[in-house]
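Here is a short briefing to read with the model open beside you.

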Amino acid sequence: YRRRGYDTDVKSNIGNAVISQEAYFTHSEIYTSSLADLASWGFRQSSSINITATGTPTTFIITGVAVGCSSNTGVWSFTSSTGLTTGTMCN
């Protein structure tokens, strides 16, 4: 149950970052790679999740990693060009 909780937390953090990224884009007309920029639009990262953002003028990727999972698991990414969140479940 705990591992599924980590995956859920990662996906939730990614979803919140996506919403903030879209708000940032509405204001700036580009996507950002800065979590500080996303925080100014409401994004708050959970302490047990590491989030990274990669932004270009027209697309972005948000990646989240659950701190409590073994290496290379509990890693999820949202890609704006596909609209999909994909990843590896926590082990």
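This is a predicted model: local features need pLDDT of at least 70, side-chain atom pairs count only at pLDDT 80 or more; totals for chains, interfaces and linings use all residues.

Thr 32 sits in the loop between helix 1 and helix 2.

**Around Thr 32**

- The side chain of Thr 32 makes a polar contact of 2.7 Å with the side chain of Asp 37.
- What else does Thr 32 touch, leaving aside its neighbours within four places in sequence? Its contacts are Gln 21, Tyr 24, Asp 37, Leu 38, Ala 53, Thr 54 and Gly 55.
- Ala 53, one of those contacts, has Ile 62 in strand 2 as its bridge partner.

- Four strands make up an open sheet, in the order 1-2-3-4 and with antiparallel pairing.
- Strand 1 and strand 2 run antiparallel and are joined by seven bridges.
- In general, strands of a sheet pair through backbone hydrogen bonds, in either a parallel or an antiparallel way.
- Helix 1 lies across strand 1, strand 2, strand 3 (75–79) and strand 4, and runs at about 155 degrees to strand 2.

**Aromatic rings**

- How many aromatic pairs does a search of the whole structure find? There are three aromatic pairs.
- In the pair of Tyr 31 and Phe 60, the ring centres are 4.7 Å apart and the planes stand at 50 degrees, which lies between the 30 and 60 degree limits, so the pair is tilted.
- This pair links distant parts of the chain, 29 residues apart: Tyr 31 belongs to the loop between helix 1 (2–28) and helix 2 (35–39), while Phe 60 belongs to strand 2 (residues 60–66).
- Are Tyr 31 and Phe 60 buried or exposed? Both of them are buried.
- Tyr 31 and Phe 60 also form one aromatic cluster together with Phe 25 and Phe 78.

**A charge over a ring**

- Which residue lies over the face of Trp 76? That residue is Lys 11, at 4.1 Å from the ring centre.

Methods: Residues are numbered from 1 along each chain as its sequence is written. Side-chain values use heavy atoms; hydrogens and water are left out. Rings of Phe, Tyr and Trp (its six-membered ring) pair if their centres lie within 6.5 Å; planes under 30 degrees apart count as stacked, over 60 as edge-to-face and the rest as tilted. Helices (H or I, at least four residues) and strands (E, at least two) are DSSP runs, numbered from the N terminus. Buried means under 20% relative accessible area, exposed over 50%, partly exposed in between (1.4 Å probe, protein chains only). A charge sits over a ring if NZ of Lys or CZ of Arg is within 6 Å of the ring centre and within 35 degrees of the ring normal. A polar contact is a pair of N or O atoms within 3.5 Å; within protein, one must be able to donate a hydrogen and the other to accept it, and residues adjacent in sequence count only if both atoms are side-chain atoms. Contact means heavy atoms within 4.5 Å. Two strands pair if DSSP finds at least two bridges between them. Axes are lines fitted to C-alpha atoms, for helices over the stretch in contact, and angles run from 0 to 180 degrees between N-to-C directions.
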